[in-house]
Amino acid sequence: RDGDHMYDGDELIAGTCSMHSNSVLVVKSVEVQTNCIVFNWDGVTNRTYGVDTTTNLLAENGWSNVLSGISAGSPSCVTVPVENTSSAYYRITVEQ
């Protein structure tokens, strides 16, 4: 490991370099708007991403896909519609 707290296998999936601690998949900013949330991260070429959501982090298989097939850009930025829930958790996933 290179000190970025990601396992080498996870870096292989994410397309980041396991030899450089500054090469990591991380959300750079999150902007909450009236009816949506905007996520911004540095994507990697030849990877596609998804956004999942859940209202309960303890539920098994509790994640639902909100968006998929997001092409990498530098930076990658997506707007996710917000449902009428009091709170929700989101994650960015690497699909390919």
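A salt bridge is a side-chain nitrogen of Lys or Arg within 4 Å of a carboxyl oxygen of Asp or Glu, and this structure holds two of them. Welcome to the model, which is a predicted one. The chain has 96 residues, of which 29% count as buried. One helix and six strands make up its list of helices and strands, and here is a friendly tour of what they bring together.

**The chain as a whole**

- If you take the contacts between residues at least 6 apart in sequence, 53% of them join residues at least 24 apart.

**The three-stranded sheet**

- Strands of a sheet pair through backbone hydrogen bonds, in either a parallel or an antiparallel way.
- In this model, three strands form an open sheet in the order β4-β3-β6, with antiparallel pairing.
- Strands β4 (64-71) and β6 stand at the edges with a single partner strand each, so one side of each has no neighbour in the sheet.
- On average, neighbouring strands of this sheet are turned by 20 degrees against each other, direction ignored.
- The antiparallel pairing of β3 and β4 runs over five bridges.
- To see a bridge for yourself, look for valine 51, whose bridge partner in β4 is leucine 67.

**The salt bridge between lysine 28 and aspartate 42**

- The side chains of lysine 28 and aspartate 42 meet in a salt bridge, at 3.6 Å from N to O.
- Lysine 28 lies in strand β1 and aspartate 42 in the loop between β2 and β3 (48-54), so this pair ties together parts that are 14 residues apart in sequence.
- Aspartate 42 has a relative accessible area of 34%, so this residue is partly exposed.

**The salt bridge between arginine 91 and aspartate 52**

- Arginine 91 forms a salt bridge with aspartate 52, and their closest N and O atoms are 3.1 Å apart.
- This pair links distant parts of the chain, with arginine 91 in strand β6 (residues 89-94) and aspartate 52 in strand β3, 39 residues apart.
- Aspartate 52 counts as buried because its relative accessibility is 8%, and buried means under 20%.
- Arginine 91 counts as partly exposed, at 35% relative accessibility.

**Valine 27 and a nonpolar patch**

- Val27, Val30 and Val32 make a nonpolar surface patch of about 260 Å².
- Valine 27 is found in strand β1 (residues 27-32).
- With a relative accessible area of 37%, valine 27 is partly exposed.

- Asparagine 35 lies in the loop between β1 and β2 (36-41).
- The relative accessibility of asparagine 35 is 57%, so this residue counts as exposed.
- Apart from neighbours within four places in sequence, asparagine 35 is in contact with Val80, Pro81 and Val82.
- Asparagine 35 and proline 81 are 46 residues apart in sequence, while their C-alpha atoms are 6.0 Å apart in space.

Terms used
Residues numbered from 1 in each chain as written. Predicted model: local features only at pLDDT ≥ 70, side-chain atom pairs only at ≥ 80, totals over all residues. Heavy atoms only, no water. Patch = residues over 30% accessible without salt bridge, like charges linked within 9 Å, V, L, I, M, F, W, Y side chains within 5 Å. Areas by Shrake-Rupley, 256 points an atom, 1.4 Å probe, with all protein chains shown as cover. Helix = DSSP H or I, 4+ residues; strand = E, 2+ residues; numbered from the N terminus. Buried < 20%, exposed > 50% of the residue type's maximum accessible area, 1.4 Å probe, protein only. Contact = heavy atoms within 4.5 Å. Pairing = 2+ DSSP bridges. Axes fitted to C-alpha atoms, helices over the stretch in contact; angles between N-to-C directions.
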